[in-house]
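I opened a protein model today and kept notes on what I looked up. The entries follow in the order in which I made them.

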Amino acid sequence: GWMKLLNWLNDQNTPEFIETSEDRIAPALQHRLAELGKIAVTKVMVPRPLIMALDADVQLRRVKRLKSSKMRYFPVYKGDLDKILGWIEKSKVIEILNEGRDEARLEDHLQPVATVKDSAGVSELADIFLNAKSPMAVVLNEQGQTAGIVTLSDFVELLFGFDVEGPTAQPPVENPLPKNYEI
């Protein structure tokens, strides 16, 4: 199952990192996931107040500010964040906007979003992301309300220790290289 996860991650435009055999990488991944199992999903999620999401009822021409966003995917909700309908890729929204059709609706272009309980451990995200094929998972509390969102890129960064979003993402807090060192 680990190679399935790695191959799927690779298909999601993540950097090439499948350079080793399954025999060598699977035990390391299982060990890392066991470590991550001790961490609650709530510790790594984007909390509800910080979620950048699109309202399905807002006319598309009003979401032009999204073009400057660094996010690649957005959850789409109806009414409030407790009713997340799915997700949409930023490029798809821009494509729809460029078509210029006033009647275009976000709801017609949504992909299903994964969900995870707030009591879950981070290690459970591997199966959730693999089965859902979603770039994000909505974290639900016991009442079924949205507590936050965990992105696939954050999960991969946690799992493998590198940033999959590339130069547009936040820089790491500590730079491991000396200041005068250039790559």
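These notes go from the overall layout to salt bridges, cores and aromatic pairs.

**Entry 1: ground rules.** The model is predicted, so I noted that local features need pLDDT of at least 70 and side-chain atom pairs count only at pLDDT 80 or more, while totals for chains, interfaces and linings use all residues. Residues are numbered from 1 along each chain as its sequence is written, and side-chain values use heavy atoms, with hydrogens and water left out.

**Entry 2: layout.** I looked up the secondary structure and found six helices and seven strands in the protein chain. Helices (H or I, at least four residues) and strands (E, at least two) are DSSP runs, numbered from the N terminus. From that end the order is α-α-α-β-β-β-β-α-β-α-β-β-α.

Entry 3: Of the 183 residues in the protein chain, 39% are buried. Buried means under 20% relative accessible area, exposed over 50%, and partly exposed in between (1.4 Å probe, protein chains only). I then checked contacts (heavy atoms within 4.5 Å). Among those between residues at least 6 apart in sequence, 54% join residues at least 24 apart.

**Entry 4: salt bridges.** How many salt bridges does a search of the whole structure find? It finds six. The term means a side-chain nitrogen of Lys or Arg within 4 Å of a carboxyl oxygen of Asp or Glu.

I looked at Asp-82 and Arg-48, whose side chains meet in a salt bridge at 2.5 Å, N to O. Asp-82 lies in strand E4 (residues 80–89) and Arg-48 in the loop between strand E1 (46–47) and strand E2 (54–55), so the pair ties together parts that are 34 residues apart in sequence. Asp-82 is partly exposed at 27% relative accessibility, and Arg-48 is partly exposed at 28%.

Next I took Lys-78, which bridges to Asp-57 with the closest N and O atoms 2.8 Å apart. Asp-57 sits in the loop between E2 and strand E3 (73–78), and Lys-78 is in strand E3, 21 residues apart. Lys-78 also forms a salt bridge with Glu-107, with the closest N and O atoms 3.0 Å apart. Shared partners join Asp-57, Lys-78 and Glu-107 into one network.

**Entry 5: cores.** I looked up the nonpolar cores, each a set of buried Ala, Val, Leu, Ile, Met, Phe, Trp, Tyr and Cys residues joined through side-chain atoms within 4.5 Å. The largest has 20 residues, and those touching the most other members include Val-41, Phe-129 and Phe-155. Helix H2 (22–36), E5, helix H5 (125–132), strand E6 (136–140), strand E7 (146–151) and helix H6 (152–160) each supply at least two residues of this core. A second, separate core of 14 residues includes Leu-60, Leu-66, Val-76 and Val-93.

**Entry 6: aromatic pairs.** The whole-structure search finds two aromatic pairs. Rings of Phe, Tyr and Trp (its six-membered ring) pair if their centres lie within 6.5 Å; planes under 30 degrees apart count as stacked, over 60 as edge-to-face and the rest as tilted.

The ring centres of Tyr-73 and Trp-87 are 5.3 Å apart and the planes are at 85 degrees, so this pair is edge-to-face. Both residues, Tyr-73 and Trp-87, are buried. Phe-129 and Phe-155 form a tilted pair, 5.7 Å centre to centre with 40 degrees between the planes. Phe-129 is in helix H5 and Phe-155 in helix H6, 26 residues apart. I noted Phe-129 as buried at 0% relative accessibility, and Phe-155 as buried at 2%.
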